[in-house]
Amino acid sequence: MVAVGAVHATPVPGRGRASPPRTAPSILFAASGAIQFQNDEARGDFAAPPKRGVSAFIRHFADPAEAKLLFDQALAGRSSRVETVVHTRSGRRSRLVEVSPAAGARGQTNGVMLVELPVESGAQPTIVRAYAQAGADWFWETDAELRFTVMSNRPDQAESSFGEDLIGRRLDQPLPGIDDADWAVMARIAVNRDLYRDFRFKRQVPGGLRHLSVSGAPIFAPDGAFLGYRGTGRDRTRSVVTEERAATAQARLVEANVLLSATLDNMDQGMLVLDAEFRVRLWNDRYRDLFRLPRDFIRVGLPVAEMIALFERQQGTPPDRIEAEIAQRIEQFGRDHVATLAADAFSGRIIERRRRGMPDGGVVLTYHDVTEARQGGREVAEKDTLLGTTLESMDQGVLVNDAQQRVTMWNDRFLEINGMPPEIMKLGMPAVDLVRNMAALGEYGAGQIEELAAQRLKLLGRPDNGPARRVRPNGHVIEHRANRMPAGGAVHTFTDITALTERERALEEKGRLLSATLANMDQGMLVLDVDLAIRLWNQRLAELLALPPDLIHVGMPAGELVRYMGVRSGRSIAAVEEAVTARMDEFRHGDARLLSGPDLGDRIIERRSRAMPDGGFVVTYTDVTDRKKRENELAEQSALLAATLDNMDQGLIVIDAEARAKLWNNRFIDMFKLPPDVVRVGRPFVEILRYFIESGGTPPDRVDAEIARRLEELHERPARLLDRHRADGRVIERRRRVMPQGGSVITYGDVTERKRAEADLRRAKEEAEIASRSKTEFLANMSHELRTPLNAIIGFSDILAREIFGPVGDGRYADYARDIRDSGQHLLSLINDVLDIAKIEFNKVELAEEPVDVPGIVASCIRLVRDRAHAGEVRIVETLPPTLPGLRGDNRRLKQILLNLLSNAVKFTPPGGQVEIGAAADESEFRFTVTDNGIGIAASDIETALAPFGQIDSRLARRYQGTGLGLPLARSMVELHGGRLDIVSTPGVGTTVTVRLPTDRILAH
């Protein structure tokens, strides 16, 4: 132990000149981890980043787990010296720390002393390596470039050692011979200079596959410079192999349980296991077959009385005798060992039932078909054989002593349970010799054999027959019972109750869990006995009823609690006593009641009572304030719904899954002029249909067929929308919606006027479509016919203009040929635009989807219009951001869109103006924008500009020729991509056209 005082650091040899000694930072911590004392050095250097609920000592270290280990060791009286990373005022630094127990005035450890020494650059902390290698399989170090400089090996770990084959290799790169390692994670840790633990991987060596792990920590110089990593490694192969073997053992245990269940169901004996209350716990298929039980009748927890009642009814027992037979059978289960069941109840077969009691009060009943043995006249021999078989088949060990304490009988189970070899037992041997032999085998623990034998013999000879338990050396719990015989001697039974003991512990744990559940229930609970005295309650009850903590106690009459609450609410004495009587009756009869009032904090508490099998009652208290509020809101909504239904313009009727009327509104009655008694709740809808059909003038011989047709419509999936044409000329539209529970909601609307309007609209639409189709077909055909001669004109004029076959003479011929070629190309562009418009209208345009090079498209469009812009003295500016996400679309169509928009902007921008083209993306869309400061477009003319061949009558538009197809074609192609084209323009100021594409076309960066 150390006392509080100044500790001086000894300089560690380094690259430079040693610094003079200085006072090391020293801090005294209390046992809670709080700081009690610091010297001046510590006050200027110590740092502990804030973290709720964590002591200053733990927060000071970069690795909290390491800090806790050092602190606990110091409190236990052990000092530690280790190099680690801590927080300082200038950041995280590597320190050589000494953690020691601090002694109080009486010499006891009441605190921890922390002293820190800086780790100088170039130092070789051999003590740190020694500590690391003592707790690991190898030790390693790297330099600042993460190259391995030290790799120690332990002689006893040769199969997992790396030796010198890793020296010079980098920590953050894959290493030879190592599989199953995530080097990307290791590289990220190394870049961040993070501490890491238990980085696991596998290595194949001549001796087999090894499971290894490494841990490492960064090393920093006093000035914060990174010096490299230092760490340890472990061979985990043994622990991995052990875990795999444990998993295999568990699988074998499951297989054994399955085999045991199959064996039980394939036994030739019927078996039934009952608990202490004669309820079913276990059975096999043979038992169910012997008694011809329905497959789903028997179940765990079924009272045996119900089974006996079923047997008696099958045998024809009079109903008034069944209860007596049940009582007689149950009484037999509690006392007899062997019983023969009547042959006439089992188709002439004779069934022998054997009973064996269990330590927990339950019963094991086995049923044997002994028909052949009984009919062969071998009753006595069979009984003796069966008795011997039963004795050897019992799960209990049996030992019988006579009046002189000599052994007269035993079974093999007795030897097995007590761990005794068969040769020990001899008929007639004194019980004292048997006890000595068991003591010599160590069954009674350590001690003198004679003393142990005397104690055990005294226990065997005690007059009472109560159970006694002992724990064998192998951990099994054995229960011993002695039953005295009238002629002297005793029958001793030995039962292995290890599993029962474990179940008892599990039951205790379940009881603790139940108590915790009761304490954390959202309901208040009060348990009363048959006399309405309090047996149990939870804290939630006191909270809901605002009761004082010490008011309720076990045995308190429930009436006192009711009386307290009545007096607290300010009632009169007479009213309180009347309430006590009423509440006691409600507890007994299970009546629900709502409690409220200022003394309950204006909450609404629902109280319910339920009887228990033992005659007591469980009373629950639930806060239903929110539920009652919702019920009131629902009532208001129901009233509003009723008013809404009666004021609907549509007739409505709701029928249930059996096609019976459940709900209707007044409009339904008025629409069909129904008498008041035609529709009523529960009336079959077929009767209402019959009234409709008969009152509608349907001939009597066709009424039933029409009803059948209407009923078929009610079962159609999905429901159709039907129109009924009434005799008075009205058209009634019937809609049906199937409800989840199987019924239907049917609405009837008078759509006479709408149907007439729809017919008029259809005729007008057909006429307009015919006209539009004729126009489009004409344009497409004409454009197609014009392209052939135009190609010839363009080709031959180009030959003349370039004088391919020789000079044409006068220079004007070449100029005229170029004019002819340019005019032909302009006309061909117009025709191509017309064909594109036609294809789009006929839905014959398909996009060639692919990743789009956005910067490349923009640059290409700028190159194509650069000469035209230069001629018009218009400046083009590109405003693309440095990074853009990828885009999916048709490269050619997107280029055509931007080229049309860019050409329009240049054409309508006066000399000295500027056109900007850019793109951007966010979480909602991908945008291209083309902005100019040209003549602009009036808001009323934008739709005209977007229509095919649309021309805006303006001064500048007349100066430049155009077809009016650029903007409509661009908008159509944008819409083919699922986007839209927006135009914002101000005359005399300029225009901005935005192409907006949906997010599903944006690709990852």
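These questions and answers walk through a predicted model.

Reader: Which residues have the most contacts inside the largest nonpolar core?

Author: This core has 38 residues. Several elements give two or more residues to it, including α25 (854–871), α26 (891–907) and β38 (990–997). The residues with the most contacts inside the core are Leu-901, Phe-928 and Leu-981.

Reader: Which residues does Leu-901 touch, not counting residues up to four places away in sequence?

Author: Leu-901 is among the residues with the most contacts inside the largest nonpolar core. Residues up to four places away in sequence are not counted here. That leaves Val-930, Leu-967, Ala-970, Leu-981, Val-993 and Val-995.

Reader: Does Arg-583 count as buried or exposed, and why?

Author: Arg-583 is found in helix α18 (residues 573–589). Not counting residues up to four places away in sequence, Arg-583 touches Val-562, Arg-571, Arg-593 and Arg-607. Its relative accessibility is 10%. Buried means under 20%, so Arg-583 counts as buried.

Reader: How many residues of strand β21 are buried?

Author: Strand β21 covers residues 490–496. The strand is mostly covered. Of its 7 residues, the buried ones number 5.

Reader: Which residue in β21 is the bridge partner of Gly-397?

Author: Strand β17 (residues 397–401) pairs with β21 in the antiparallel sense. There are 5 bridges between them. In β21, the partner of Gly-397 is Phe-494.

Reader: Which residue stands opposite Phe-494 of β21?

Author: Strand β20 (residues 477–484) also runs antiparallel to β21, and 7 bridges join the two. Opposite Phe-494 stands His-480.

Reader: Which residue in the turn between β20 and β21 has a positive phi?

Author: β20 and β21 form a hairpin. Between them lie 5 residues.

Reader: What is the volume of the largest cavity?

Author: Rolling a probe the size of a water molecule over the atoms shows where empty space is left. The structure holds 2 cavities of 30 Å³ or more. The volume of the largest is about 130 Å³.

Reader: Which residues lining the largest cavity are the closest to its centre?

Author: The lining has 14 residues. The closest to the centre are Phe-148, Leu-171, Leu-175, Phe-201 and Val-214.

Reader: How many residues in the lining of the largest cavity are nonpolar?

Author: The lining has no charged residues. It has no polar residues either. The nonpolar residues number 14.

Technical notes. Residues numbered from 1 in each chain as written. Predicted model: local features only at pLDDT ≥ 70, side-chain atom pairs only at ≥ 80, totals over all residues. Heavy atoms only, no water. Core = buried A, V, L, I, M, F, W, Y, C linked by side-chain atoms within 4.5 Å. Buried < 20%, exposed > 50% of the residue type's maximum accessible area, 1.4 Å probe, protein only. Helix = DSSP H or I, 4+ residues; strand = E, 2+ residues; numbered from the N terminus. Contact = heavy atoms within 4.5 Å. Pairing = 2+ DSSP bridges. 1 Å grid on protein atoms, 1.4 Å probe; cavity = no way out; pocket = protein on both sides within 12 Å on 5 of 7 lines; lining within 4 Å. Points joined across faces, edges and corners; volume = space filled by probe spheres on them. Nonpolar A, V, L, I, M, F, W, Y, C, P; charged D, E, K, R; others polar.
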